[in-house]
Amino acid sequence: MNLWLLAKPIAVLLVTVSSTIFLLLLSWQNQSPRPASMARSFVLWLHGLGDSGPANEPIKTLFTSPEFRNTIWSFPSAPSNPVTCNYGARMPSWFDIGEIPVTANSPNNESDLLKAVKSVHKMIDKEIDAGTNPSNVFVCGFSQGGALTLASVLLYPKTLGGAAVFSGWVPFSSSIIEQIPPEAKRTPILWSHGIADRTVFLEAGQAGPPFLERAGVNCEFKAYPGLGHSISNEELKHLESWIKARLPSSS
C-alpha cells in the first residue's frame, strides 16, 4: 500500500492549519470594553481529518470581543477509525471518506456519518441540559468537521444559534432533506471556502447553498480568493462578527 501518497497532502493540510492558527495568534488584537451582562453561550468546534481537538484550541483565544466572555468552548477529538481514502489506515476521523480531493460528486458514507451525528447531538444536548439556551449554541467545523457540522445542525430537533462550515461539503444525498426538522431549518448557516482549495474543491463547497435553498435553510456563502485548504484571519474575524450579531445581551 502506498500510504505516503495520501500522507503527504494530509501532513501539508495539518501543517498549514497549525501555522495559520499560530500566525493569527500573533496578529489578532481587540480591546473593546466588556458589557454589563451577557448570556452564557457555547461554541462546539469540530476538526478536520487526521487532526485533533487540542490542536485547534488556540482558535478560542482569537475571539476577544466582550460578547465572548461567558462563552464555553469545546474542542472534541474524533476517534481513530479506518479511512478508505487513506487505504484503510486508521487515523482520527469522524466518519469514513471515500476519496481526496473531495468534489461535488464524491461518494458519501451516510450510515457512518449518521453515527457521528448522534455523537455530536449528545455533545449539544449535554450543554443545553447544563443551562445554555439553544439559541446561544454554535457549531463550527473545518473540512471533514465542516461536513459533520452541516449534517449535525440540519438533523438536530431544535433551532440553534448558528453553524459555520469552513472548507466543507454536503456529505449526504438530497433525500436527507425530507428528514430535516422544521426547527433545524431556522438555524442560520455561514459557509466559507477558499477558492484555491485543492483538498476539498470549491465546487464541493458551492454545492452547499443550492442544497440548503432547496431545504429552506438560510445560508451565507463566502469564497476567499487565494485561500487553499486552511482557515484565514479574515474568515475568523467574520465568524466573530457573525456570532456576535446573533448573541443576546442578557441571560
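Helices (H or I, at least four residues) and strands (E, at least two) are DSSP runs, numbered from the N terminus. This is a predicted model, where local features need pLDDT of at least 70 and side-chain atom pairs count only at pLDDT 80 or more, while totals for chains, interfaces and linings use all residues. Residues are numbered from 1 along each chain as its sequence is written, and side-chain values use heavy atoms, with hydrogens and water left out.

- Eleven of the eleven residues of α3 are buried, so the helix is largely enclosed by the rest of the structure. (Buried means under 20% relative accessible area, exposed over 50%, partly exposed in between, with a 1.4 Å probe and protein chains only.)
- Among those buried residues are Gln144, Gly146, Thr149 and Val153.
- α3 lies across β1, β5, β6 and β7, and runs at about 145 degrees to β5. (Axes are lines fitted to C-alpha atoms, for helices over the stretch in contact, and angles run from 0 to 180 degrees between N-to-C directions.)

**Where α2 meets α3**
- Helix α2 (residues 110-129) packs against helix α3 (residues 144-154) at an angle of about 70 degrees, with the axes 9 Å apart.
- That makes α2 and α3 roughly perpendicular to each other, a label for angles of 65 to 115 degrees (under 35 is roughly parallel, over 145 roughly antiparallel, the rest oblique).
- On the α2 side the contact uses Leu113, Ala116, Val117, Val120 and His121, and on the α3 side Leu148, Ala151 and Ser152. (Contact means heavy atoms within 4.5 Å.)

**The nonpolar cores**
- The largest nonpolar core has 46 residues, and Ile124, Leu148, Leu154 and Ile189 have the most contacts inside it. (Such a core is a set of buried Ala, Val, Leu, Ile, Met, Phe, Trp, Tyr and Cys residues joined through side-chain atoms within 4.5 Å.)
- β1, α2, β5, α3, β6, β7 and α5 each supply at least two residues of this core.
- Apart from it lies another core, of 21 residues, including Trp45 and Cys140.

**The sheet**
- Six strands form an open sheet in the order β2-β1-β5-β6-β7-β8, with parallel pairing. (Two strands pair if DSSP finds at least two bridges between them.)
- β2 (71-74) and β8 (219-224) are the edge strands, each pairing on one side only.
- β1 and β2 run parallel and are joined by four bridges.
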